[in-house]
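Please read these notes with the model open beside you.

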Amino acid sequence: MAEQKDKGFNALGRSLSSTEPALALEIGGGCRAMVEVRVLVINTGGTIGMVPQSEGLAPEANKLAAALRKIPILHDAVYAKETDLYCRSGLRDDTLVLPLSEQNKRIIYTILELSPLLDSSNMTPAEWDDIAKHLQANYEKYDGFVILHGTDTMAYTASALSFMCENLGKTIVLTGSQVPIYELRNDGRSNLLGALLFAGQFVIPEVCLYFYNKLYRGNRVTKVDTESFNAFSSPNLPPLANAEVDITINWETVWRASTTRKFEIHTNMNSNVGLLRIFPGITAAAVKAFLQSPMEGVVLETYGSGNAPNNRPDLLDELKKATDRNVVILNCTQCLRGTVSLVYATGKTLMDAGVIPGADMTPEAALAKLSYVLSKPGLTLAEKRQMLNENLRGEMTVVPIRTQITLKDSKFIQEIARYLFISCKEELAAIRDALTPPLACVAAKNGDLEALKALQNMGGNLSCGDYDGRTPLHVACCEGNLEVVRHLLESGATVYAKDRLGATPLMNAIKFRHNDVISLLRTTGAHLSSQELLNVGTELCSLAFNGDVDGLSAWQMAGVNLKQPGYDGNTPFHVAKAAGHARVVQYLKTFAA
Ligand code: ASN
């Protein structure tokens, strides 16, 4: 697997001191411009914020933000004061700021504490709904999200949220700890710091779980240790990223929604679902009782590669009767690693009884998927069974039917490799990863769909930015090539990418007034970042002063309120009127009334 290294910062706090951002700001455009990003931290509870109470460890409300404010690696008090963090519009007083990262980003994070804070053993699907609703309500206000959660049921919540978050385009990271953050020796600080750095600096549009220096796909993990800091395992999928001395992100593994639909949440998951673990000697009566109405879906945890006894007609009869009653049964293995397959006759018997093979899904993910699919309105049972067979969020491994063109098939890369005397797979992949961003940007500039497809077929990641952080989508939005923009979005390109100066593809489309592109980006959920919106009133006034209706209409299509005043308090309407631009006045009367 090719890996792209994102050298530049270290999750353990190799960040610049608080005096350096001022320098970065002063030098500004000439040097490395600093970009501020916003992360929302939803605190649901868990050990990370627990204190000893008479009955044992339990979460304590309204304590975390104040405690974090005293930890220098989690809050830069000097920067907060210098930039008047608390008084800035839209920022809540439980807002903190990380020291400047080596990637020159300032992660400003706000803590939203749910009430009551819970030990995760007390979490239910009602709390999943609650989290999802907060994600939706705040989706456009933040660049990324961290969810603080107890470790006991974190894998269940991560799995559930991965399905509930439809067409996800931003990074969501669940984390927590084994030891409270208030204790001298704890894993909470590094877990929270790592989660914030991933959520704030990279668009990994998945529900992830960060623990002990590893970023996992949330629906692939399971808790495996109650005593080690290394509490989670992702047995069937390597981590999405490793935060060691360098951050290494396996971009090829990152799951992308690949859609032009907007983010939305699905709530009210079906609760008539359950996990049934078979064991030698399990009685048919126990199976029958478990499968009784109102049960609608069951994850059957079987032996080895999906096997159940085929010499137990009483048991198989109960399973068959249940599937005939339209109870959906999904077959998962009890083994930590591996997949359900049809190698053994004992596995085939279950298929014959109407049980659906669940590939290499964890029981947590399988349960969440069942609960999600069974609660989807307007689908027939056949459609739901079909959905369960599909890979919806990267929760299972499906072997591709079409043989992919591999790196070895690319003449272009082969030629380069020959000249560079390179032959091994890893070095070839490294060349591809280095060449993909500039080549894809050129292809996007020229509207060359075939070249983009060829790069994709080689496994090139079309979401990667060039030396300036500009992605092919940025370029296509400048050029206004709707077909290329659509292709990139449907191939998983993110609308939330920011270039070195913090500009999004939407901002590029506005600058060049490509209204059809703006409209498509908006459908996909694109919005301007808080930094881009900072001086928008003044920009609108300047367009109004110049009589530029097209410029104003591009901003309006991007969802910007045209009534915003400029630096001197005058609105674009006032400015247009004073400058005598009747067309603009008329336009603003219609769109900024
Ligand atoms: N019981 C705790 C919880 O899940 C365990 C933890 O967070 N480490 O809330």
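1. Charges over rings. A charge sits over a ring if NZ of Lys or CZ of Arg is within 6 Å of the ring centre and within 35 degrees of the ring normal. The charged end of arginine 106 meets this for tyrosine 79, at 3.7 Å from the ring centre. Lysine 170 lies over the face of tyrosine 496, with 4.6 Å to the ring centre.

2. Ground rules. This is a predicted model, in which local features need pLDDT of at least 70 and side-chain atom pairs count only at pLDDT 80 or more, while totals for chains, interfaces and linings use all residues. Residues are numbered from 1 along each chain as its sequence is written, and side-chain values use heavy atoms, with hydrogens and water left out.

3. Which residues are around the ligand? They are Gly46, Thr47, Met50, Asp119, Ser120, Gly150, Thr151, Asp152, Ser177 and Gln178. A residue is near a molecule if one of its heavy atoms lies within 4 Å of it.

4. The side chain of threonine 47 places an N or O atom 2.9 Å from a ligand oxygen. Serine 177 uses a backbone N or O atom, 2.9 Å from a ligand nitrogen. Glutamine 178 has a polar side-chain atom 3.4 Å from a nitrogen atom of the ligand. The protein covers 90% of the 270 Å² of accessible area that the ligand has on its own. Accessible areas come from the Shrake-Rupley method with a 1.4 Å probe; for residues, only the protein chains shown count as cover.

5. Aromatic pairs. A pair of aromatic rings is described by the distance of the centres and the angle of the planes. Rings of Phe, Tyr and Trp (its six-membered ring) pair if their centres lie within 6.5 Å; planes under 30 degrees apart count as stacked, over 60 as edge-to-face and the rest as tilted. By this rule the count is 8 aromatic pairs. Phenylalanine 211 and phenylalanine 232 form an edge-to-face pair, 5.0 Å centre to centre with 65° between the planes. The pair links distant parts of the chain, 21 residues apart: phenylalanine 211 is in strand E10 (residues 207–211) and phenylalanine 232 in strand E13 (residues 232–233). Helices (H or I, at least four residues) and strands (E, at least two) are DSSP runs, numbered from the N terminus.

6. Burial of that pair. Buried means under 20% relative accessible area, exposed over 50%, partly exposed in between (1.4 Å probe, protein chains only). Phenylalanine 211 is buried, at 1%. Phenylalanine 232 is buried too, at 3%.

7. Aromatic cluster. Tyr139, Tyr142, Phe145, Phe263 and Tyr496 form one aromatic cluster. Tyrosine 496 is also the residue whose ring face lysine 170 lies over.

8. Helix H4. This helix covers residues 125–138 and has 14 residues. From first C-alpha to last it reaches 20 Å, close to the 20 Å expected at 1.5 Å a residue. The expected span is 1.5 Å times one less than the number of residues. Trp128, Asp129, Ile131, Ala132, Leu135 and Asn138 are buried in H4.

9. Cis peptides. Serine 115 and proline 116 are joined by a cis peptide bond, with omega about -5°. Proline 116 is in strand E6 (residues 105–118). A cis bond also joins serine 293 and proline 294, with omega about 10°. Proline 294 lies in the loop between helix H7 (284–290) and strand E18 (297–302).

10. Asparagine 167 has phi near 55°, a positive value in a residue other than glycine. Is asparagine 167 buried or partly exposed? At 16% relative accessibility, asparagine 167 counts as buried. Asparagine 326 has phi near 75°, again positive in a residue other than glycine. At 45% relative accessibility, asparagine 326 counts as partly exposed.

11. A strand residue. Threonine 171 is in strand E9 (residues 171–175). Threonine 171 is buried, with a relative accessible area of 0%. Its side chain reaches the backbone nitrogen of isoleucine 204 at 2.9 Å.

How values were computed. A polar contact is a pair of N or O atoms within 3.5 Å; within protein, one must be able to donate a hydrogen and the other to accept it, and residues adjacent in sequence count only if both atoms are side-chain atoms.
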